Amino acid sequence: MRLDRMLSNAHAGTRSQVKKLVKEKRVKVNGVLAKTSSMQIDEVNDEVTLDDIPVIYEEHMYLMLHKPAGYISATEGNVPTVMDLIYEDNNGLFPCGRLDKDTEGLLLITNDGPLAHTLLSPKHHVEKEYYVEHALDMSEDDIVRLQSGISYNGESYKPAKVNMISPRSCTLTITEGKYHEIKFMFQALGDKVTYLKRLRMKNLVLDESLKPGEYRYLTEEEIADLKADEQ
Ligand code: URA
């Protein structure tokens, strides 16, 4: 495996940050200064250190992307995909769940299939919180309908938590991930979503210091919280 990939996996930084660490002569492999970040190492048997502290290889990677509008949540396609924004070795990474092309906000990018499965499986009822702007003023009746669950076009949507911010904006928390779920819920009310941004998934909150299109590694604490059984 390449040294930069191993260091990235171990949360030492993005590939470009890791390259800088090597240039700054802070990385050693078996006690010898690493010359290039692209050198091949044996991630299990070689001892890699950063500032003389051993770096432990981690199999899985967890990135928080602030998804911008205009990108599809897929690994490949004819249009830009969210993976075009990730400057890491591919390493089996994929977006955990789908946001519509025009939806912004929190998207977990990982290569941890079992975790993604747990987070996305309908039986785990993982909360997803969105900021929603919509075309019409929200009525009391609309709130009750969103909170009670909605049937629309042969599909049923489970009750949502609604927190009204202004007559035409709110946060909505849902526990499913059905196709166009929030847009269809608002269509059922005779309204239209004009802007949608995911703020949270389970207890992982979008880091607002990330600009749309930017990403960062999850902290150890964020990873542990995502893996914890209780919401
Ligand atoms: N609901 C939608 O309608 N679109 C999204 O991208 C996410 C939730």
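**Pockets and the ligand**

Mentor: I will begin with the second largest pocket, whose lining has, by class, five nonpolar, three polar and three charged residues. This is a predicted model. The second largest pocket holds about 160 Å³ of space. Among the 11 residues that line it, Thr 118, His 124, Lys 202, Ala 228 and Asp 229 are the closest to its centre. Helix α3 (113-120) gives the largest share of that lining, three residues.

The ligand is elsewhere: the space it takes is the largest pocket. About 510 Å³ of space lies in the largest pocket. Of its 25 lining residues, those closest to the centre are Arg 98, Tyr 130, Gly 177, Lys 178 and Tyr 179. The lining divides into nine nonpolar, seven polar and nine charged residues.

Now to your question. Around the ligand are Leu 99, Asp 100, Thr 103, Tyr 130, His 180, Glu 181, Ile 182, Lys 183 and Leu 196. By class, this shell has four nonpolar, two polar and three charged residues. Helix α5 (residues 181-188) contributes the largest share of the shell, three residues, and α5 also gives the largest share of the pocket lining, again three residues.

A polar side-chain atom of Asp 100 is 2.7 Å from a nitrogen atom of the ligand. For Thr 103, a polar side-chain atom lies 2.8 Å from a ligand oxygen atom. With Glu 181 the backbone takes part: one of its polar backbone atoms is 3.4 Å from an oxygen atom of the ligand. Of the 240 Å² of accessible area that the ligand has on its own, the protein covers 96%.

Definitions and conventions: Residues are numbered from 1 along each chain as its sequence is written. This is a predicted model: local features need pLDDT of at least 70, side-chain atom pairs count only at pLDDT 80 or more; totals for chains, interfaces and linings use all residues. Side-chain values use heavy atoms; hydrogens and water are left out. A residue is near a molecule or strand if one of its heavy atoms lies within 4 Å of it. A polar contact is a pair of N or O atoms within 3.5 Å; within protein, one must be able to donate a hydrogen and the other to accept it, and residues adjacent in sequence count only if both atoms are side-chain atoms. Accessible areas come from the Shrake-Rupley method with a 1.4 Å probe; for residues, only the protein chains shown count as cover. On a 1 Å grid over the protein atoms alone, a cavity is a set of points where a 1.4 Å probe fits but cannot get out, and a pocket is an open set with protein on both sides within 12 Å along at least five of seven lines; lining residues have an atom within 4 Å of a point. A molecule sits in a cavity or pocket if more than half of its atoms lie within 2 Å of its grid points. Helices (H or I, at least four residues) and strands (E, at least two) are DSSP runs, numbered from the N terminus. Ala, Val, Leu, Ile, Met, Phe, Trp, Tyr, Cys and Pro count as nonpolar, Asp, Glu, Lys and Arg as charged, and the others, Gly among them, as polar. Grid points are joined across faces, edges and corners, and a volume is the space filled by probe spheres set on the points.
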